[in-house]
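Colleague: Can you walk me through this model? I would like to start with one residue and go from there.

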Amino acid sequence: MVVRRTFTVLALAALALSAAVVPATAAGAGGAEPPPGGAENGTRLMEGVSLYPRAIELEHSGDADGTIVVSTVTFDGDTGHGAIFHSTDDGRSFERVGTVSDPGAAKGLCCSTLFELPRQVGDLPEGTLLWSASVGQQEDESTRRMTLPVWASTDQGRTWEHVSTAATASGGKGLWEPEFAVSPGGELVLYVSDENQQPTHSQVIVQATSPDGVTWSPLDDVIALPDSGLRPGMPVVRTLPDGDYLMSYEVCGPVQDCRHYTRRSADGTAWQPVTEIGAPVQTADGTHFRHTPNISWYDDGTPDGRLLGVGQMLYGADGAVLPGSGSTLMTNEGVPEDDWATAQAPVSILDPWNNYCPNYSPTLLALPERGEVLELSTGYESEGGACTTYFGVGALPD
């Protein structure tokens, strides 16, 4: 895949960015129809470039519980920033409240993540927001060492403080798509896609742990497949009601072409054998996502709860792109190894393809108390062509 490596190139043509909410609808602004890879519906989150959306609903922040917090990657000139937004009306509107400005992002910023601590870790209190991203990819590969900074906020994302650097690449290749979890023993865990074991492995998923968010262990393999051309990546981790940790990821490379898989762990640190590919996410007839998958769990009142999945493109068992690609999500009755079913997505992106923008790593946030699901995804604007984030709320699948 070439997509996630190109985010900083966008900065060369980025439009002026606004901190205000932009309530224009996707296809309705000026009556223009969306271009290929553009949003057919939804509301634009902000003006200009806005990439890699992530969304959480606060659950450990006292009076702020229920607030939806969203992060995206954006640019001011050629410098990347994390843009932070709040919604207090169940995802109907958003206001920009904060910015994460890591100094290293002047040399490249990609694929940020957002996480609320469910318990205290070291001196970081319960409810602290954590942000990390892939920093530094625009430097010359012969000399660069990409980093994963950790930033913390104790005021729901309004202000941020640098806490540590969780990892630095061992070579000039990439560290992509960080993701946080907290183990049952209270360790902070960071998962990331690592290209620095080439040529033995084109890419692996690795993890580091920390007792306090400050001091981190060396990176350790989670998925390192025997075929050196395969590229597991884009880890997303959710906690299931039985206490298991569920990891969602893609596997790119020969034959797999970035298909969606999952695996489990009892504690978020000890996973199944690193050489196993995992369980495919697919329907009974073989319908599946490829490229940039994401996953969400919510409590629907049943013992296992329910899972939602989303990805950039929808394929059939025969490897052909299906109608509904860019406008479909998947649902599962809490057992990801079982068959999934398809449903309508709240945001529709027209004819996405393997590219850094259209429907790239969309995110889902279930709002079961309202019977709704919030989706944020990216598409090309009709006017100006910037890649930007759109959001929409729809009914949870039956």
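Modeller: Bear in mind that this is a predicted model. Let us start with Leu-307, which sits in strand S20, residues 306-310.

Colleague: Is Leu-307 buried or exposed?

Modeller: Leu-307 counts as buried because its relative accessible area is 0%, and the cut-off for buried is under 20%.

Colleague: And which residues is Leu-307 in contact with, leaving aside neighbours within four places in sequence?

Modeller: With those neighbours left aside, the contacts of Leu-307 include Leu-240, Leu-246, Ile-295, Ser-296 and Trp-297. Met-330, Thr-331, Asn-332 and Trp-340 are also among them.

Colleague: How far is Leu-307 from Pro-149 in space?

Modeller: The C-alpha atoms of Leu-307 and Pro-149 are 30 Å apart, and in sequence the two are 158 residues apart.

Colleague: Next one. Where is Glu-333 found?

Modeller: Glu-333 belongs to the loop between strand S22 (328-332) and S23.

Colleague: Buried or exposed, that Glu-333?

Modeller: Exposed, because the relative accessible area of Glu-333 is 61% and exposed means over 50%. Leaving aside neighbours within four places in sequence, Glu-333 is in contact with Asp-304, Gly-305 and Arg-306.

Colleague: Change of topic. How many disulfides does a search of the whole structure find?

Modeller: The search finds three. Counting bonded cysteines along the chain, their pattern is 1-2, 3-4, 5-6.

Colleague: Which cysteine is joined to Cys-110?

Modeller: Cys-111, with an S to S distance of 2.4 Å. The torsion about that S-S bond of Cys-110 and Cys-111 is about 110°, so this disulfide is right-handed. Cys-110 is buried, at 0% relative accessible area, and Cys-111 is buried with a value of 0%.

Colleague: What about Cys-252, which cysteine does a disulfide join it to?

Modeller: Cys-252 is joined to Cys-258, S to S 1.9 Å. The link of Cys-252 and Cys-258 is right-handed, with 115° about the S-S bond. Both Cys-252 and Cys-258 are buried.

Colleague: And which cysteine does Cys-357 pair with?

Modeller: Cys-387, at an S to S distance of 2.1 Å. This link of Cys-357 and Cys-387 has 100° about the S-S bond and is right-handed. The pair ties distant parts of the chain, 30 residues apart: Cys-357 is in the loop between strand S23 (341-344) and S24, while Cys-387 is in strand S26, residues 387-395.

Colleague: Why does Cys-387 count as buried?

Modeller: Because its relative accessible area is 2%, and anything under 20% is buried. Cys-357 is buried too, at 0%.

Colleague: On to the inside. How many residues are in the largest nonpolar core?

Modeller: That core has 53 residues, and Leu-130 and Leu-188 have the most contacts inside it. Apart from it lies another core, of 15 residues, among them Ala-181, Tyr-191, Val-222 and Tyr-261.

Colleague: Why would nonpolar side chains be found together like that?

Modeller: In soluble globular proteins, nonpolar side chains tend to be buried together.

Colleague: How do the lining residues divide into nonpolar, polar and charged?

Modeller: The lining has 16 nonpolar, six polar and seven charged residues.

Colleague: Which strands each supply at least two residues of that lining?

Modeller: Those strands are S2 (51-57), S6 (109-116), S10 (175-182), S14 (231-239), S19 (294-298) and S24 (363-367).

Note on methods
Residues numbered from 1 in each chain as written. Predicted model: local features only at pLDDT ≥ 70, side-chain atom pairs only at ≥ 80, totals over all residues. Heavy atoms only, no water. Helix = DSSP H or I, 4+ residues; strand = E, 2+ residues; numbered from the N terminus. Nonpolar A, V, L, I, M, F, W, Y, C, P; charged D, E, K, R; others polar. Disulfide = S-S within 2.5 Å. Buried < 20%, exposed > 50% of the residue type's maximum accessible area, 1.4 Å probe, protein only. Core = buried A, V, L, I, M, F, W, Y, C linked by side-chain atoms within 4.5 Å. Contact = heavy atoms within 4.5 Å.
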